[in-house]
Amino acid sequence: VTESRIDLPQGTLDLLILRILALGPEHGWAISERIQQVSKDVLRVQQGSLYPALHRLERRGWIKARWATTGNNRRAKYYDLTKTGHKQLEAEESGWKKLAAAVAQVLETT
Amino acid sequence: MLSDLLIRLRSLFRRKAVETELEDELRFHLDCQIEKHLRAGFSAAEARRRARLELGGFEQMKEECRDARGVILVETTLQDFRYGLRQLRRSPAFTLVAVLTLGIGIGANTAVFSVLNCVLFEPLPYPKAGELVELRQIAPGAAGLASFSDGLRLSPSMYFTYARQNRAFQSLGVWATGTASVTGLATPEQVRYVLVSEGVLEALNVPPAIGRWLSRADQVPQGPKTVMLSYGYWQRRFGGDRSVIGRNITVDSRLREIVGVMPQGFHLVDADFDLIVPIAFDRSKLILAGFGYQGIARLRPGITIAQADADLARMVPIWMRSWSNGPGTNPLFYETWKITPALRPLKRAVIGNIGNVLWVLMGTIGVVMLIACANVANLLLVRVDSRRQEIAIRAALGAGRGRIVKELLLQSVLLGLAGGALGVGLAYEGLRLLVAMGPAGLPRLTEITLDGRALGVAVLLSLLSSLLFGLIPAFKYAGPRISESLRSVGRAATASAERLHLRNLLVVAQVAMALILLVSAGLMVRTFQALRSVEPGFIDAPHLETFRISIPASLVATPQQVTRTQNDIADKLAQVPGVTSVGFASSMPMEGMAPAWDTIEARGQAHPGEVTPLRLFENVSPQFFHTTGTRIIAGREFTWSDVYGTRPVVMVSENLARELWGAPSAALGKSIREFSSMPWHEVIGVVQDVRENGVQEKAPAIVYWPTMMEDLYGPHTFDAVRTVTFAVRSSRTGTEKFLNQIRDAVWSVNSSLPLATVQTMQEIYARSLSRTSFTLVVLGIAGAMALALGIIGIYGVISYAVSQRTHEIGIRVALGAHSGHLLGMVIGQGLKLTLIGVGLGIAGALGLMQSLSSLLFGVTPTDPLTFTGVAILLALVALSACYVPARRAMRVDPIVALRNE
């Protein structure tokens, strides 16, 4: 446990899940690992909120789930992006970028 | 959106599969995490511990996933439902008491509502019943008439004028009830009939079941003699044989052809009958007088009652000018009566004044329901209180406040629905019982059923009451401070005041409502007592057998022969073993026969221009007053020689004697007459006042004529009363053998004479008290229920308070408190609640009892005796309810109590 890790801000988990899944189908544990990896261990996914988020996204129809066998021959539930999920990802990504840029702007100029 | 629905549905219907998947998914995650930690070099146990910790609460996460899937509402409701059922099953005593309490409450309310609905709200069973009116008129100028609640009835001449000249009605007719003997079918039989003029059946507009209505031709004196049957009579006498149409029956010795049968359930206004007989007025013989018929009419569409009243008012002078009371009479005499039409909807006429009673009932039963709810709420509070720990733990485990409220409410709704189901069953049986008992004075009895509206009310009541008693504990214990109750669990020193506060309130409310009900029941008891203590004008009613005998002209022709026959019957009856006295009269007191009345003139007291009051007329036989036990105040009764000699003699009631001549003894030897062509009749006797119209009503001024007199239409023609009620005084009344002997005695004189309406005077008397006794019984039951529920409430609260304070009491005992002091403390607490409740109840009752005043007699709505008595009764009962828990408090062992911690 290092101090450099930060918890995810509210509402960004969905975006990150979608982004990870854009690279290909993945199961829940792998998703949380990938987020941690890609963010160089800075972002830490609250595992307690990961699964409710997955189920919520599935219900909204942005991702779909199927059971498949993993490399070491275990059954796991894989999530994949749907067509509407792709669109949603684009929309959220651009939204996030705008937000981040705007926040950065404010921070730099003041 | 489709995926949304599919997932919701799948989650709902494939619940097991979805749950397993969720379980598998999380377990897979856990395994991956453990492997990761193992790879990082942790020991197996440590890896498992870390993984668990990182994942967080397994169950809570599952719950959140379910939530995310959007099945929460239905899913958890089902879960709570099952949980609630399990909870209820686990405490059968509580469930039984709660369901029974609610069931009785809902049942009583549903039943009373059914009665109210069917009697007051449902339209009468005629097509477009809203157009039907009772042709009622009042005559404020005819003093003495006021005591007859149904106003001035119509005379046949009025009917003709109204029927011909009106502009407001589609059809209009008059009718009357009576009894007749039907002979020629097995044994002679006395039947009830209604006489109807043309226009009555047309107004009601109910087609016959078979055959046809009475036609206009049947209403002509010389026309064909016809009759219609009621459905019941048709079934009873002819087995429902459709070929009866065209057959003849002998009604009062006259052959009549059956032309039709009315359908099942048809009543003529409020009359139950066997036959419908056409009236066939002879127009040429009609006079102004003879106000003996009830009128009924159907308004033209769009005509209001006020317009119809105006139309009738227009015709009253026309009627006076068109007819006369015979030569030498003043046709404008009736102007002094101020005859005023006062039509009312037919429904009002049918319902009468029962609406008052029913509303009081509904209110009373509603209050019982509130008390029942308060009780169940109290029970629930105790239960929920004992589950505080469990609820707190569930809250700590992640159950939301809403979820807990919902679970508690669901349990209440389950109770409510179970109670409702029981209630509907009880109401159904209760109504069947009510209809079977057929309390006198309850109109439209046969129409009373448990219909959809009543079922709706039952369901509504179940739900509303569940909310009422369910919300109280739900909000109390699912409040924001759940964690506090978890902390306080097991550390109960003294019962927290706040927790008891609500339950105290409920008890106070219960006591107050119970007091109100008991006061109303108490007032009815006092009313009943007052009525019972009224001297009715006859004695020992249970040993007075009465029955009616009608002697038609076709059977016995002359008035003298009629009198002879009646005299013979009286003599034969007197020979029946056990009979001590026999008499007969035109009607018995309170029998409810259509009254005869007119003005009389007292010799030497002519007050020209002044309106003379109407007097009730009765015809009585010799020995009649001796038989009924009516005291002769002065003079003597009629003798047979008075009757046969048609001597001009008369008797009067005490109040009439006092009014006319100042004193009963002063009346003897004075003379009166009905109209100027009548000879003066000498008063030979004065009798005690008789409550002719029921115990509640003032005794009217009565003139008693002999049963055979000179006829109205001139000297030397005679008339005898052909339909009379016999009264037989005997200790053997009511036994079958006695009744057979009575019948044989009558038939030994004339075997064609049926006995009608055989009943003891007690039955007549009881019927006149029926409204009061009906109200009394229902209020008594409601009061008893309220009292019982109130006791349970007080007992429950006090004994719970004691159990909560066991620890405190233990400390007190350890510190040396006397057991007497403890007793006082507990009882004092209960008494305080009771007294507050009694105070509030008295205040409420003082306000509410005014609505009861129309049902009371001889007692004021604020009767201090009743109020004090009920208050003391309630206080005593509350005291005894507190005593048991108080005794328990006294026996508290300090060691045990303190170790209880």
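The exercises below concern a predicted model with chains A and B.

Local features are given at pLDDT of at least 70, side-chain atom pairs at pLDDT 80 or more, and totals for chains, interfaces and linings use all residues. Residues are numbered from 1 along each chain, chains are lettered from A in the order in which they are written, and side-chain values use heavy atoms, without hydrogens and water.

**Exercise 1. The interface**

Solution. Start with contacts (heavy atoms within 4.5 Å): 25 residues of chain A touch 25 residues of chain B. Next take the buried area, which is the accessible area (1.4 Å probe) lost by two parts on being put together, summed over both. For this pair it is about 2200 Å², and carbon and sulfur atoms give 54% of that.

Then apply the salt-bridge rule (a side-chain nitrogen of Lys or Arg within 4 Å of a carboxyl oxygen of Asp or Glu). The rule finds three across the interface. One of them joins Arg74(A) to Asp31(B), at 2.8 Å from N to O.

Finally, assign elements, where helices (H or I, at least four residues) and strands (E, at least two) are DSSP runs numbered from the N terminus. The largest share, 10 residues, is that of α3(A).

**Exercise 2. Helix α2(A)**

Determine how many of the residues of α2(A) are buried.

Solution. After the helix comes Lys40(A), with a positive phi near 55 degrees.

**Exercise 3. Helix α13(B)**

Find where the buried residues of α13(B) lie around its axis.

Solution. First list the buried residues of this helix (residues 388–396): Arg388(B), Ile391(B), Ala392(B) and Arg394(B). Viewed down the axis of α13(B), they fall within an arc of 160 degrees, so they line one face of the helix. The arc is taken over directions from the helix axis to the C-beta atoms.

**Exercise 4. Arg673(B)**

Decide whether Arg673(B) is buried or exposed.

Solution. Arg673(B) belongs to strand β20 (residues 671–673) of chain B. Its relative accessibility is 16%, so Arg673(B) counts as buried. Leaving out residues up to four places away in sequence, Arg673(B) touches Ile600(B), Glu601(B), Met678(B), Pro679(B) and Trp680(B).

Conventions:
Buried means under 20% relative accessible area, exposed over 50%, partly exposed in between (1.4 Å probe, protein chains only).
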